[in-house]
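Please examine the structure before reading on.

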Amino acid sequence: MDDSNLKKQGFDLGMFVGGLALDEDASCDDMSLEGLQEELEECKNDDEVANILSNGTKLREHTKGVENNVRQVELDSIQDYIKESDNLVLLHDQIRECDCILSQMETLLGGFQAEISSISSEIKTLQEKSMDMGLKLKNRKAAESKLSKFVEDIIVPPRMVDIIFDGEVNEEYLRTLEILSKKLKFVEAEPMIKASKALKDVQPELERLRQKAVAKVFDFMVQKLYALRKPKTNIQILQQNVLLKYKYVIIFLKENGKEIYTEVRAAYIDTMNKVLSAHFRVYIQAMEKLQLDIASSTDLLGVETRSTGIFLRAREPIKNRSSVFSLGDRINILKEIDQPALIPHIAEANSQKYPYEVLFRSLHKLLIDTATSEYLFCDDFFGEDSIFYEIFAGPFAVIDEHFNAVLPNCYDAIGIMLMIRIVLQHQLIMFRRRIPCLDSYLDKVNISLWPRFKMIFDMHLNSLRNANVKTLWEDDVHPHYVMRRYAEFTASLVHLNVEYGDGQLDLNLERLRMAVEELLAKLAKMFAKPKLQTVFLINNYDMTISILKEAGAEGGKMQMHFEDLLKSNIAIYVEELLFEHFSELIKFVKTRASEDSSSSVEKPSVSDAESLVKDFASRWKNAIELMHKDVITSFSNFLCGMEILKAALTQLLLYYTRLSDSVKKIAGGSALNKDLVSISSILYEIKKYSRTF
């Protein structure tokens with residue numbers, strides 16, 4: 001196989017192996033070809049092997065060539081070594097010198113390592129010492145801090161001693177008291193401090209300072225309290241602008257001088273009790289001069305006004321009798337509930353007099369304002385509100401004494417009801433202020449007013465029930481003064497009950513109404529003629545309704561009741577008035593002019609109707625004129641009288657219309673047509689009177 005064919009066909013290891021010519025000495029028994037293929041595959045990429053195989057060189061020959069090459073190389077190497085022997089010796093010497101130097105360096109580095117180990121140990125020791133010193137420093141600082149605080153808290157600076165002993169009680173003195181109080185608390189705080197030697201030296205000095213401070217502020221507070229007793233002193237300004245600045249004095253005494261604090265507290269209570277009691281006593285005495293008497297025990301609904309007693313006549317001018325039963329402008333006191341209290345000497349200088357409820361409001365306005373100011377001051381200055389009740393025991397007693405003297409002699413039911421409403425308004429004011437100090441007092445006043453009102457109300461009620469009709473009766477159909485009193489009294493109480501809805505008062509007013517109606521009926525029966533009785537009732541009912549209307553829509557149920565009574569009595573009066581002037585006409589219409597054709601009543605004849613028709617035609621205008629004059633003179637209320645006249649004329653028109661219809665149904669009744677008055681003529685006459693309304 002030549003080279004060109006091998007190049008063309010590529011290198012085929014299998015083919016080459018298959019064509020190998022083994023040495024003739026080789027024995028098949030000594031050679032194993034197992035694994036040859038794998039080894040050939042491994043040497044496939046080896047350039048040298050591939051070159052040998054491609055040249056077809058025998059292995060033995062190749063081996064010999066290689067051995068020869070190796071031997072030659074070895075010989076060449078020996079020659080090279082011989083040539084370089086001097087250099088090698090020199091190199092050997094240099095290596096030996098380097099080894100010696102390296103040995104020295106090893107020894108030196110070993111020494112460095114030993115020194116570094118020693119330094120590390122020293123650093124560790126220093127670190128431990130540093131940590132120990134840091135801990136000691138921290139502990140010393142903590143100890144120094146506590147010790148410095150202890151020293152600061154326990155020492156008594158000379159400046160403090162000078163201020164406590166020689167200084168004036170001012171803001172600096174108060175700051176010094178605070179520092180002293182802290183030191184006193186400090187030495188009492190912990191058992192360990194009590195065992196300190198420093199305390200034994202300082203404690204006597206602190207105690208001496210405490211005693212001096214307590215004594216000094218006690219004298220100072222006593223001076224300030226005495227200032228409250230000076231005449232014309234504005235207590236509120238002194239409290240707010242002076243005493244409150246020294247509030248810490250009270251705190252200091254509470255903590256460091258309880259006995260002295262108790263004395264100061266007692267001195268303040270005694271001072272304010274006397275001062276306020278005196279103020280209220282003087283104010284009440286001045287107010288009593290301004291009182292306007294309204295009612296006495298005889299000023300009752302059912303008591304007659306006529307009197308022949310000289311004592312009663314002498315008393316009349318000093319009384320404002322128009323206000324006994326009528327509310328009038330007295331209601332304005334409830335709108336002025338927040339107005340300042342009266343100044344007595346100004347009112348006295350102007351010769352003004354007031355109903356008692358005005359003085360009552362003024363007194364209690366002064367009370368709630370004074371109590372509010374004092375309660376807030378006591379709570380702020382002393383830190384306890386119980387002191388207020390001890391202070392105001394005196395003023396309460398003064399007011400109660402006055403009230404207990406006035407109330408039993410008060411017979412003004414409207415005034416007492418106004419006072420009840422004033423108390424309620426004052427309770428609301430105190431509630432809005434969130435000041436509870438007068439709750440029990442105002443409740444007590446309210447509780448005392450209601451029984452008195454009930455007693456006076458029952459006196460009015462019994463005066464109506466037990467009234468002497470003969471002495472009360474007057475031969476006059478106009479409204480009776482008792483009924484006017486009742487109407488004004490009821491309207492006043494109804495008006496005062498609008499916003500409060502007191503059911504008990506409503507029940508009492510109902511009892512009063514029943515009593516007055518019973519009395520009015522008795523008075524009406526004193527008139528001989530039924531017509532006058534009816535006129536009397538109408539006038540009184542109409543007057544009552546008018547007064548109740550003036551009270552506003554509050555009259556309500558009561559007003560409706562009297563309106564029903566008025567309507568029924570007007571109907572009775574209309575019939576009586578018409579019967580007085582047209583009795584025959586009314587009898588005929590009611591008995592003979594029945595619209596029921598099946599009725600058994602005898603049918604009227606022309607002769608029966610003729611006299612009626614002619615009589616009516618001859619005098620109907622004069623009769624109406626007389627009716628008009630009668631109404632005008634009988635009824636106090638012109639409008640009411642005109643309404644009654646209108647109702648009477650309307651009823652007359654109805655009667656006459658029925659008469660006309662009856663005449664037309666009578667056989668031969670057409671002959672009376674010429675005498676019949678036309679309906680239009682009667683209507684014209686009615687309208688003529690209507691225009692005069």
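Is tyrosine 573 buried or exposed? Tyrosine 573 has a relative accessible area of 0%, so the residue is buried (buried means under 20% relative accessible area, exposed over 50%, partly exposed in between, with a 1.4 Å probe and protein chains only). The model is predicted, so local features need pLDDT of at least 70 and side-chain atom pairs count only at pLDDT 80 or more, while totals for chains, interfaces and linings use all residues. Residues are numbered from 1 along each chain as its sequence is written, and side-chain values use heavy atoms, without hydrogens and water.

Rings of Phe, Tyr and Trp (its six-membered ring) pair if their centres lie within 6.5 Å; planes under 30 degrees apart count as stacked, over 60 as edge-to-face and the rest as tilted. The count by this rule is 23 aromatic pairs. Two of them are tabulated below.

| Ring pair | Centre distance | Plane angle | Class |
|---|---|---|---|
| Tyrosine 268 and phenylalanine 382 | 5.1 Å | 50 degrees | tilted |
| Tyrosine 573 and phenylalanine 635 | 5.0 Å | 85 degrees | edge-to-face |

The second pair links distant parts of the chain: tyrosine 573 belongs to helix α26 (residues 556-591), and phenylalanine 635 to the loop between α27 (606-634) and α28 (638-665), 62 residues apart. Helices (H or I, at least four residues) and strands (E, at least two) are DSSP runs, numbered from the N terminus. Phenylalanine 635 is buried, at 4% relative accessibility. Tyrosine 268 and phenylalanine 382 are both buried.

Elsewhere, ring pairs join Tyr375, Phe388, Tyr389, Phe392, Phe396 and Tyr441 in a cluster.
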